[in-house]
Amino acid sequence: MAAFFFGLLLFAMQSPPIPSRPAERGDRGPPPSPTASSALALNDTGATGHPNGTFKQLPHIIIIGVRKGGTRALIEMLSLHSAVAAAENEVHFFDWESHFQKGIPWYLSQMPFALPDQLTVEKTPAYFTSSKVPERIHDMNPDIKLLLILRDPTERVLSDYTQVFYNRLQKHKRYQPIESLLVKDGEINLGYKALNRSLYHLHLQNWLRYFPLESIHVVDGDKLIRDPFPEMKRVERFLNLEPQINASNFYFNKTKGFYCLRDHGRERCLHDSKGRAHPHVAPAILHKLYRFFHEPNRKFFELVGRTFNWN
């Protein structure tokens, strides 16, 4: 009886949105069936359909990271496909205890409304580097598809610093010069968190304890920036989506200096916070960073069975 009233309450709080685009999907088959745990969660929440045929479902796909790797660009580009329904915000369910303690019903409530044959996706970049997240996601759905977008580790560190720098600047807070964070007593500062986030092999090893490599598709974030179309075709194939995204969905914006999106005649670009210029770093310090990441990169290449054009 308590579950029934909880379901009614959740239903009352959820307003049915109108799908953002028509369902034009050709002959593509239905999405993967929810696991037993997913189905149980749906039943427990009392989630029901709405007159327009949409409903909320646990994600079939999660973009797990990495921070400043291009996750926002990836989910925006994936949203070009009519068979994908994407959560608007980073959910932080599996890495924030305050959210995780709310349980699967709360997580489900954060998902977008979707049509029956759409795949739901959410992205939270911090998942990749959180040690407890892989097991938690596996417990929810061991067959889920995971997308991991990575950039050159050195470039990612500089982007990480740039984001924090501008955030502190906007809040009129003091900030440290990047050199003082990167180097301590003449050596690379291993205590700098941004460096740890770029040690991809360490974090991937944790994920591979719970998921086979076949369940994780690594997107080349550097290539996605330079030429998004080929990378998105690979993502479509990994997700078994009907080929739909095409080259005409992308155009280079000379003013911004990166690719923007074109969808059913509407054009849109990523937020101005994307693509900011990195701070100047002395060549000697950059050389230290490149040398530092050489061995971790080699170990990562061995794990995934492919190489990337990282310095």
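Let me begin with a pair of strands: β10 and β11 run antiparallel to each other and are joined over 4 bridges. Before I go on, please keep in mind that what we are looking at is a predicted model.

Within that pair, Phe252 stands opposite Tyr259, a residue of β11. The hairpin of β10 and β11 leaves 4 residues between the strands, and in this hairpin Gly257 takes a positive phi near 85 degrees. If we follow the chain onward, β11, which covers residues 258–263, pairs with β12 as well, again in the antiparallel sense, and here over 3 bridges. One of the residue pairs to look for is Arg262 with its bridge partner Glu267, which belongs to β12. The hairpin of β11 and β12 has 2 residues between the strands, and His264 is the residue there with a positive phi, near 50 degrees.

Taken together, these strands give an open sheet of 3 strands, in the order β10-β11-β12 and with antiparallel pairing. Which strands form its edges? They are β10, residues 250–253, and β12, residues 266–268, each of which pairs on one side only. On average, neighbouring strands in this sheet are turned by 35 degrees against each other, if direction is ignored.

Now to the other sheet, where the pairing is parallel: 5 strands make an open sheet in the order β3-β5-β2-β6-β9. Here the edge strands, pairing on one side only, are β3 at residues 84–86 and β9 at residues 216–220. From one strand to the next, the twist averages 25 degrees.

Which helix lies across β2, β6 and β9? That is α10, and its direction makes an angle of about 175 degrees with β6.

For α10, residues 200–207, and α13, residues 283–304, the angle is about 30 degrees and the axes are 8 Å apart, so the two helices are roughly parallel to each other. On the α10 side the contact involves Tyr200, His201, Leu204 and Gln205, and these meet Pro296, Lys299, Phe300, Leu303 and Val304 of α13. Sorted by class, the residues of this contact are 6 nonpolar, 2 polar and 1 charged.

Helix α13 also packs against α7, residues 153–170, at an angle of about 125 degrees and with the axes 9 Å apart, and these two helices are therefore oblique to each other. From α7 the contact takes in Pro153, Thr154, Val157 and Leu158, while α13 brings Leu286, Leu289, Tyr290, Phe293 and Asn297. In this contact there are 7 nonpolar and 2 polar residues, and no charged ones.

Lys68 is placed in the loop between β2, residues 61–65, and α3, residues 71–78, and UniProt, in an unreviewed entry, lists Lys68 under "active site".

Let me finish with Arg197, which sits in helix α9, at residues 193–197. The side chain of Arg197 makes a polar contact, at 2.9 Å, with the side chain of Asp160. Which residues does Arg197 touch once its neighbours within four places in sequence are left aside? The contacts are with Val66, Arg67, Thr129, Arg156, Asp160 and His203.

Notes. Residues numbered from 1 in each chain as written. Predicted model: local features only at pLDDT ≥ 70, side-chain atom pairs only at ≥ 80, totals over all residues. Heavy atoms only, no water. Polar contact = N/O pair within 3.5 Å; in protein donor to acceptor, adjacent residues only side chain to side chain. Contact = heavy atoms within 4.5 Å. Axes fitted to C-alpha atoms, helices over the stretch in contact; angles between N-to-C directions. Parallel < 35°, antiparallel > 145°, perpendicular 65-115°, else oblique. Nonpolar A, V, L, I, M, F, W, Y, C, P; charged D, E, K, R; others polar. Pairing = 2+ DSSP bridges. UniProt positions renumbered as here; feature names shortened; annotations may be inferred.
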